[in-house]
Amino acid sequence: MPDTSPTRADALLAAATLGLVAVAVAADRPAPGGAALAVVAGAVLGGLVLGARRWPLPALLATAVVILGYYALDLPPVGVAAPAAAVLYRVSERGRVVPAAVVAGSLLAVSVVARLAEGDDIAVVVGTELGSEAALLLAVIALGDAVRNRRSLRAALVRQAIAADEERHREAARQVEAERLRIAREVHDTLGHTMSVITLQSAVAREALADSDPAQAESALAAIRSVSGSAMAELRATLGTLRREPGPREPAPGFDQLPALVDGVRRSGLAVDLRVEGPVDTLPAVVGSTVYRVVQEALTNVLRHAGATRVTVTVRATPGRLALEVVDDGRGDPPGGPTSGRGQGLRGMAERVALLGGTVETGTAATGDTRATGGTTATGGTRATGDTGTSGNGGFRVSVHLPLAGVAA
């Protein structure tokens, strides 16, 4: 809301209006009563200038009435433009340009008619004084409107700058949140898979030592050492990102590391069949990383929950699209089964795929049914973002479809 309190500029305009009338009185030297009345009229006009900021239209109309009354009393002439100029400027500056122009034109018309009725020379009245008076009135009205427009433009620029700054802060917050979710997914995938493999391999080593089979125990311990080393490298890279440490970053796992991931799971005693069809050498890095993480999460869930003996991982690359399917022969996902442990992993899986505009389907492998529970539909067509449950056994299936068109290499 604009400030409506009188300012120093208003006081100066009011004083100038009063001074104009005082100068006219001094030059005309009227009778003492007329002089006093003229000064009072000048003071009233000055007071109306002070009130024009808060009450523009009433002050404008009152000014016109005082000026007309001033000349009706035959007081020293001061013209109509000069005593009305300050109020007209302030009224137009407050956005009342049309009323200001109407009142100014009316005052000029009344002045011209009155002077011609008194017998003044028409050439002087119309040819000289009317032009100068009209020019002054138009100038103050235009000046007030220009000041208002400039003030409005400056305020609009300030609002735009504030809005842009707020949008920058919102975008920074969105980027921070997206990075937080990315790091959370990376840590979840890395630790979840690693701990699952370590748990299984330590059990194998314990049984091998109990059965006096040092070769199998050594193999299990080697698998533990390998997977824990890989996990530590990934965690160091993630922590380096958080700390903004200089130096090269270890690249995120990609499609070329998928065989090593599968081999590590095989050493846990789970038979994994990896099938790759179509050209995969030219896959964009972000697609390869997404495929790796999805397979890693799917195999981790099989190790932890499925009770399966075999898993088939199938990757089919065609022009413009990649299909991934992970199917096990475990217990599936029966009602009341251990789906709660999979919830965060499936949610992170769906978020990764949705970022690339792909879709995820999960469900019992035997029937292909899918039923999302506790999740929400993600943008990009992802249909399973939370825990997944279906009725019946027959293994569990994760099916992913990723578009390749438009994905940066």
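This tour moves through the structure from one selection to the next and states what is found at each.

The model is predicted, so local features require pLDDT of at least 70 and side-chain atom pairs count only at pLDDT 80 or more, while totals for chains, interfaces and linings use all residues. Residues are numbered from 1 along each chain as its sequence is written, and side-chain values use heavy atoms, with hydrogens and water left out.

**Helix 9**

Select residues 285–306, which form helix 9. Helices (H or I, at least four residues) and strands (E, at least two) are DSSP runs, numbered from the N terminus. Helix 9 has 22 residues and spans 30 Å from its first C-alpha to its last, close to the expected 32 Å; the expected span is 1.5 Å times one less than the number of residues. Of its 22 residues, 19 are buried, so helix 9 is largely enclosed by the rest of the structure. Buried means under 20% relative accessible area, exposed over 50%, and partly exposed in between (1.4 Å probe, protein chains only). Glycine 307 follows helix 9 and has a positive phi, near 65 degrees.

Next, select residues 310–318 (strand 2) and 321–328 (strand 3), which pair in the antiparallel sense over eight bridges. Two strands pair if DSSP finds at least two bridges between them. Threonine 318 stands opposite arginine 321 in strand 3. Two residues lie between the strands of this hairpin, where glycine 320 takes a positive phi near 90 degrees.

**Arginine 54 and tryptophan 55**

Arginine 54 lies over the face of tryptophan 55, at 5.6 Å from the ring centre. A charge sits over a ring if NZ of Lys or CZ of Arg is within 6 Å of the ring centre and within 35 degrees of the ring normal.

**Alanine 85**

Finally, select alanine 85, found in helix 4 (residues 81–93). Is alanine 85 buried or exposed? Alanine 85 is buried, with a relative accessible area of 12%. Show leucine 136 as well: the C-alpha atoms of alanine 85 and leucine 136 are separated by 7.6 Å, although these residues are 51 residues apart along the chain.
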